[in-house]
Amino acid sequence: MSRRTFTADFGLTSLQLSKERAVMRADLHDKLRNDASAAALGVLTTVVDIVTSTPPLAVCSPDWVATQDLSIHTAEPLTEGPIVVDTHLVRVGKKTVHVAAEIFDGRGSTDLDELVAALDNGGLRPAGRGLVTFVRLPRTAAAGSDYYNPGEWVGTIREYPSEHVEGSIYSRLGMRTLDARTGVLELDLTPFVANMIGTIQGGAQALLAEHAAHTVLPGFVATDIQAHYLSQVKVGPARSHVTVVRETKDHAVVDVRLVDAGADDQVLALTTVTLQRLS
């Protein structure tokens, strides 16, 4: 992960405690916050997507894995940081692998060993939880993945290369708004947002869905997401379409459909996003 991507300034640091458990710490600075000054849902989704992949890769080697379904439900806004995600392998099947994630606010502590000790002692208050299902793939599906072997990282702290990235988590991706009323936004397939199998990273797709929901419902912030990834982006851009399912005084629910606009609108992902109204 030496190339520059949209996550390059997340300050990602991970500890593979065992093949079945991994913990990741990520910075929370102003560029990664939503309009409520909390960690953006798409940022949480991205960190969860990255760290939950390492236990499956460790136990399924030499197979590769790709995100199939992902859900995150927040308990309270994560405002101080750093973001801490603790992941545990739930089930390993012949075709799919399930991983649970718990999300915490580090409350100013940045040392990963200290954070793990706090997790084990119940010293961190949960900010949310998630569940991710991965599908097993041949390792040949992930170009240049030979060096990425979480099974060899057990017991070691790994710092991901960090670089400055211009713009907020929403503006840096270069999403274009075609129709704000119906949430039609576009995101190009570029190396900046691509993963190792050549499609738009699941977290970047979640950011597209989140931003589309915010565009349709200004004055709300996304708190929960459920995403079903159905196919890979072959051409791009990824294009969003939003349907408002429910809007009340304090919250709203929207469905966001993502399609590959360059490939006859093939459906990429179906997502449901829950939002809270800003006070």
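Reader: Where does P237 lie?
Author: P237 sits in the loop between β10 (220–229) and β11 (238–247). Helices (H or I, at least four residues) and strands (E, at least two) are DSSP runs, numbered from the N terminus.

Reader: What is the basis of the numbering and the values?
Author: Residues are numbered from 1 along each chain as its sequence is written, and side-chain values use heavy atoms, without hydrogens and water. The model is predicted: local features need pLDDT of at least 70, side-chain atom pairs count only at pLDDT 80 or more, and totals for chains, interfaces and linings use all residues.

Reader: What makes the peptide bond between G236 and P237 stand out?
Author: It is cis, with omega about 0°. Most peptide bonds are trans. The bond from G81 to P82 is cis too, with omega near 5°. P82 is placed in the loop between β3 (64–74) and β4 (83–92).

Reader: Why is R107 called partly exposed?
Author: Its relative accessibility is 39%. Buried means under 20% relative accessible area, exposed over 50%, and partly exposed in between (1.4 Å probe, protein chains only). R107 therefore counts as partly exposed. R107 lies in the loop between β5 and α3.

Reader: Is T7 buried or exposed, and how do you know?
Author: T7 has a relative accessible area of 10%, so it is buried. T7 is found in the segment before β1 (13–16).

Reader: What joins the side chains of T7 and T5, and why is it called that?
Author: They are joined by a polar contact of 2.9 Å. A polar contact is a pair of N or O atoms within 3.5 Å; within protein, one must be able to donate a hydrogen and the other to accept it, and residues adjacent in sequence count only if both atoms are side-chain atoms. Leaving aside neighbours within four places in sequence, T7 is in contact (heavy atoms within 4.5 Å) with T46 and I50.

Reader: How do you know which residues of α3 line one face?
Author: L112, L115, V116, A118 and L119 are buried in helix α3 (residues 112–120). Seen down the axis of α3, the buried residues fall within an arc of 160°, so they line one face of the helix. The arc is that of the directions from the helix axis to the C-beta atoms. On the other side of α3, E114 and D120 are exposed.

Reader: What covers the buried residues of α3?
Author: The cover includes β1, β2 (21–26), β4, β5 (96–105) and β7 (157–159).

Reader: What is found at each end of α3?
Author: At the start, a side-chain oxygen of D111 reaches to within 3.1 Å of the backbone nitrogen of D113. α3 is followed by G122, whose phi is positive, near 70°.

Reader: What makes a set of residues a nonpolar core?
Author: A nonpolar core is a set of buried Ala, Val, Leu, Ile, Met, Phe, Trp, Tyr and Cys residues joined through side-chain atoms within 4.5 Å. The largest such core here has 77 residues, of which I169 and L275 touch the most other members. Helix α4 (residues 202–216) gives the largest share of this core, eight residues. Another core, of 10 residues, lies apart; V84, L115, V116 and A118 are among them.

Reader: Which residues does I169 contact, leaving aside neighbours within four places in sequence?
Author: They are F6, F10, K31, L32, A40, V43 and L207.

Reader: Why is α4 called largely enclosed?
Author: 13 of its 15 residues are buried, so α4 is largely enclosed by the rest of the structure.

Reader: How does the reach of α4 compare with what is expected?
Author: α4 reaches 21 Å from its first C-alpha to its last, close to the 21 Å expected at 1.5 Å a residue. The expected span is 1.5 Å times one less than the number of residues. At the start of α4, a side-chain oxygen of Q201 comes to within 2.4 Å of the backbone nitrogen of G203.

Reader: Why is β10 called mostly covered?
Author: Eight of its 10 residues are buried.

Reader: How do you know that β10 pairs with β3?
Author: Two strands pair if DSSP finds at least two bridges between them. β3 and β10 have five, in the antiparallel sense, so they pair. I72 has I225 in β10 as its bridge partner. β10 and β13 also run antiparallel, joined by nine bridges. There, A222 stands opposite L275 in β13.
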